[in-house]
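Please open the structure in your viewer and keep the selection tool at hand. The tour below goes from one pair of chains to another, saying at each stop what to select and what is there.

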There are 4 protein chains.
Amino acid sequence: MFFASDNAGPVHPKVMAALHEANTGHALPYGDDELMDEVRQRLRDLFEAPDAAVYLVATGTAANALALATMCKPWQTVFCSPVAHIQEDECNAPEFYSGGAKLTLVPGGDRMCPEALRSAIKAEENRGVHGPQRGPVSITQVTESGTVYDLDELRALTEIAQEFQLPVHMDGARIANAVVKLDCTLAQMTWKLGVDAVSFGGTKNGLMGVEAVIFFDPAKAQEFEYRRKRGAHLFSKHRYLSAQMAAYLRDDLWRECALKANANARRLAQGLEQAGAEILHRPDANMVFAALPRRIHHRLLAAGAQYYPWTGDFNGPADEMLGARLVCDWSLDTADINRFLDILQTSVSE
Amino acid sequence: MFFASDNAGPVHPKVMAALHEANTGHALPYGDDELMDEVRQRLRDLFEAPDAAVYLVATGTAANALALATMCKPWQTVFCSPVAHIQEDECNAPEFYSGGAKLTLVPGGDRMCPEALRSAIKAEENRGVHGPQRGPVSITQVTESGTVYDLDELRALTEIAQEFQLPVHMDGARIANAVVKLDCTLAQMTWKLGVDAVSFGGTKNGLMGVEAVIFFDPAKAQEFEYRRKRGAHLFSKHRYLSAQMAAYLRDDLWRECALKANANARRLAQGLEQAGAEILHRPDANMVFAALPRRIHHRLLAAGAQYYPWTGDFNGPADEMLGARLVCDWSLDTADINRFLDILQTSVSE
Amino acid sequence: MFFASDNAGPVHPKVMAALHEANTGHALPYGDDELMDEVRQRLRDLFEAPDAAVYLVATGTAANALALATMCKPWQTVFCSPVAHIQEDECNAPEFYSGGAKLTLVPGGDRMCPEALRSAIKAEENRGVHGPQRGPVSITQVTESGTVYDLDELRALTEIAQEFQLPVHMDGARIANAVVKLDCTLAQMTWKLGVDAVSFGGTKNGLMGVEAVIFFDPAKAQEFEYRRKRGAHLFSKHRYLSAQMAAYLRDDLWRECALKANANARRLAQGLEQAGAEILHRPDANMVFAALPRRIHHRLLAAGAQYYPWTGDFNGPADEMLGARLVCDWSLDTADINRFLDILQTSVSE
Amino acid sequence: MFFASDNAGPVHPKVMAALHEANTGHALPYGDDELMDEVRQRLRDLFEAPDAAVYLVATGTAANALALATMCKPWQTVFCSPVAHIQEDECNAPEFYSGGAKLTLVPGGDRMCPEALRSAIKAEENRGVHGPQRGPVSITQVTESGTVYDLDELRALTEIAQEFQLPVHMDGARIANAVVKLDCTLAQMTWKLGVDAVSFGGTKNGLMGVEAVIFFDPAKAQEFEYRRKRGAHLFSKHRYLSAQMAAYLRDDLWRECALKANANARRLAQGLEQAGAEILHRPDANMVFAALPRRIHHRLLAAGAQYYPWTGDFNGPADEMLGARLVCDWSLDTADINRFLDILQTSVSE
């Protein structure tokens, strides 16, 4: 019953098998391995983007920070949600990699609202060289609250970016969970809407530690390779990154893992709702945010459920309710979910 | 017959096994995994440094750049060899991570000469705030030419650093090969001589991609964790770094791999010398630099030997001789070496 | 009738005279000039801070960015108002100089509210190395809206900073206007409340281009000199900075200029109010923010008044009202004010 | 008898007068002042470059660091002399402003030798993303040793840069002294040879603190304005920079000052040579490097001459000879030189 994060689960057996298979003899280092050719081709096919530039790095923060730095000048500002990972959880990596760009937090919640984005962009006008200059818009899909922008919502944001001629980055640490939720293609969710670069996450969905960065216009990716190298994110034994990502892309493993994680989260949310919990965000993907009485938290945690409760502003008596973020990774199975819901039911009816 | 680099070989089976073993259930992310406790303890024991701060990163460049940035102010200069990896092969990563520090190249070859180091340090005096300020001395052990500083040579350098109160960093991408060559302890080769921080490489000696950074005085390591995170080098699924390093440290695997690689290189050097090649640097560790006639290179490469010949200033007719850097990683076996030497012998006697 | 800014006015004749006087023979460069000794002593006396470290730079942005970079680590965040000069008007200079620190905008208006500051600081907790770390609090006195924090308001902010052990910076580009308004000492308004470093502006109050940076604890200023030099802000012919600041400090010239500017602004505000204008911010110092009908703006501008009208959300019909920021520098005289108010009166009564 | 530096002299009376003249009423800030239009036009005329982008900053280090940062990527290296100001005297400002670029020191003395430059550039090849990438060539004219490259020597360097498609920067802190020495036009010494950007110094030749940065292709200057602003080098009261530079350019004041300084240095060198001193570098411009017996130094310094003697490797008994760098700025007059030479003569004949 580990719901604390999807970054703490095991590696999918097929990925481990691929690592083994890759482990024979010598291979060209630094991305010149043959498996990388496969990865590049599979991602181009998947995104229907035959010219896309494709790179691998080992952490989501590296993917985001390197992609943004490539899209951004140091005197610009990146527009993002106040709860974006790039703002809250990367210890200023975007500022570091970009050489001192700023992040402009678009007021609102997890999902940027188009009008708030437009206002934030407009606010940076008429200042000549004095203000920060407008830079990329970064959209997190799945958001940090577990919701998924639908295609119209995304389009509303990318159209504003285009109106101001700003590039668009998608932080897709959980992109697989989003695309299976929307039941659309990756192309529909990205470049067809005007997304310029994607952090295509794998680590949270069954890999050991690999994320792809994809630029749909390779001409805009030129600097990425230098940035990756001087950021110390170019692996000598690169084949082991490639092997993971190749296994992830073969036979739709990425999709299978995401579907399973989303289904488990949906079940969890239904059970929580039936048990009277307040569901705090629409559980579109693999995360459920719910408020429960303190008493019930105690039961769940005592029974071995793992997650982080937090205090907040919930319905019900302030000192009795605590929030829970429950994350399902690919490795949880139905038995985990059932067990959690059983304990919950019992606690409630006591 | 792959001699192109030790960064292109496979992962040791024991390390793969450890990755498998670690791959069950969930583990605390970001270095809070239990395997990291083992790693920390083993490295402290190995270095006889019970208080040392120990961190893992995935690339050698990350280890060097983060260690140096922690030891260095942006207005300082790092003293190193002109052929140091931090100078030649990291695409300005030290400058990036340090926020713009300089590298002062101590004239000479692969091994810094004490008097040249002293002169270089002295040259940065009496300039007040105008010149770069003196910063760390970085020593590469094994050097880029495959030679190993003996303890007296190291002491001569560290004493100069101490004389000017400068911290000392050791780039130990191949530290295992050095310490088995010297047949001393890691403590004798590092902190007992005044080394403050070590990049303890594993990737070139059987790991998939892990290097430890060790600060002997934990008070001087405080900033490292922030720097690692904002550099995007803190892994969520950190247990897979820990698992590799733990396996490497158990049962002296690191030593076994290094001994084998060194022995193979020594055999290679002997064979080359017997075949009349000019040995360009003392083959102390796992690398051999030799000059051979162009004709013989052709034979070797045609027969499947992999390495990079280069033009240079060798004994013999300038247009006939080419250099070879031949690197033995842990995975080469005696058969590889024998086959190479057989082809060599045959070529020579033709 | 130039009210566009206090950064566009002439240099005070006494300051010009001091530049002349300084212009004989050679003087030691880089801050070793004798006039700097006078400046240092005068500022220490004025601030009742005999040990303070005192430096001169030529621009307000340099003063702020260098001071903050000295007080801040790259992985920290600076707490400031959303309209602070460091956020809006320095083209990311604080991010650049600090090596990528972040700015956290404390919600609210020009003056930070203590509870909002506390919330913003508290929000950066429990994130370990992942979130930005808490850094300095930067207070702008006079604020960008022309208001002045009183001593109790300042204390409420500095106490919160101290509670979290965060250093406090004061952006005093218009500090003279603030201190004469409060009729207190500079010590009372700064270090006695817990302010650690001050940007002591002079450029907006009669100088050609000089600001002092003052650290009350010299031990915390050590890095400033290196940062200033590598930021290219150390002047060789430093005596000409010293001469300006010395003249500014002699005979309370700084105070005289600020008193005059404030008095003129007060008169302007009274006249505007009498003419029915909406006064948008308390005109504590040398700036008046008022809303006027479009028709009256036209008259004023046609008559030669210089300032920037802007659209906003004012009382009265939205398309008829425009805001005006009217800034009085030391050089405006009563005739300017009278003339402006005469035109205003006439326009209103038409 | 102040020969310590040309950065310590007074401001030329005509420049002071221009500052006075500029000091009436308000002027548009940040470079929109009318005097800047004059400066731009005069520099474009002087350089015969009607499209050139022209900017002013207050320090030579700012001019160099901002120009180089604009011409350079952070993963590149700048080729320069080991004694270049950007290497020795700017406390890592180029590394800071460029975001971590490296400086490659072309072996040799003050003047780069074409073959050494070519070798240094060639050495950075075949390293893919691993090595630093080739960046601008920076030429110092007048060199730090007081010598001046003639046009053929410059062409030999710029042709190599062009061969490798590298941009060329000229550090012209003393460019006036160089161009009057060569008796050529500024165009001949710069863009006609392939120089892309120039730091056109004024501070060492009679100004208070102003340097122009000139890009001959304005398209390559786009980033400069953002870099200047975020570097805190954009002055609000910019007219006082413009006024200095305008006065400097009117009536060939810059040329007059440089001619006088060079003539005085030449006289000094002749006198020194006649007195038996070893002249260490060709005294092409306004600096003389000479070695004298310790005894004579004592006499000169005791008599009030100001300069910095240094120990070095000179002809004559090692412990008896000391070097002297004697710099003539525009303000020294014949009487100073005569007095110095008289004392010298007397000392020698004693």
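How many salt bridges are counted between chain C and chain A? Select these two chains of the predicted model, and the count between chain C and chain A comes to 6 salt bridges. One of them joins A:Asp89 to C:Arg127, where the closest N and O atoms are 3.9 Å apart.

Keep chain C and chain A selected, and turn to the polar contacts, of which the interface holds 14 residue pairs, both residues being at pLDDT 80 or more.

Select C:Cys91, C:Asn92 and C:Lys102, which supply 36% of the area that chain C buries against chain A, more than any other three residues.

Now look at how the copies are placed. Chain C is superposed on chain A by a rotation of 180° with 0.0 Å of shift along its axis, at an RMSD of 0.0 Å, and the two copies are thus related as by a two-fold rotation axis. To find that axis, select C:Gly100, whose C-alpha, at 2.3 Å, comes closest to it among the residues of chain C.

Then move to chain B and chain A, where the contact takes 47 residues from chain B and 46 residues from chain A. These chains bury about 4100 Å² between them, 62% of it on carbon and sulfur atoms. Between chain B and chain A the count is 0 salt bridges, while 29 residue pairs are in polar contact, both residues at pLDDT 80 or more. Helices that give two or more residues to this side of chain B include H1 (13-22), H5 (93-98) and H11 (239-249) of chain B.

As a last stop, select B:Gly231, which of the residues of chain B comes closest to the rotation axis, at 3.6 Å (C-alpha).

Note on methods
Residues are numbered from 1 along each chain as its sequence is written. Chains are lettered from A and ligands numbered from 1 in the order in which they are written. This is a predicted model: local features need pLDDT of at least 70, side-chain atom pairs count only at pLDDT 80 or more; totals for chains, interfaces and linings use all residues. Side-chain values use heavy atoms; hydrogens and water are left out. Copies are superposed by least squares on the C-alpha atoms of residues with pLDDT of at least 70 in both. Contact means heavy atoms within 4.5 Å. Buried area is the accessible area (1.4 Å probe) that two parts lose on being put together, summed over both. A salt bridge is a side-chain nitrogen of Lys or Arg within 4 Å of a carboxyl oxygen of Asp or Glu. A polar contact is a pair of N or O atoms within 3.5 Å; within protein, one must be able to donate a hydrogen and the other to accept it, and residues adjacent in sequence count only if both atoms are side-chain atoms. Helices (H or I, at least four residues) and strands (E, at least two) are DSSP runs, numbered from the N terminus.
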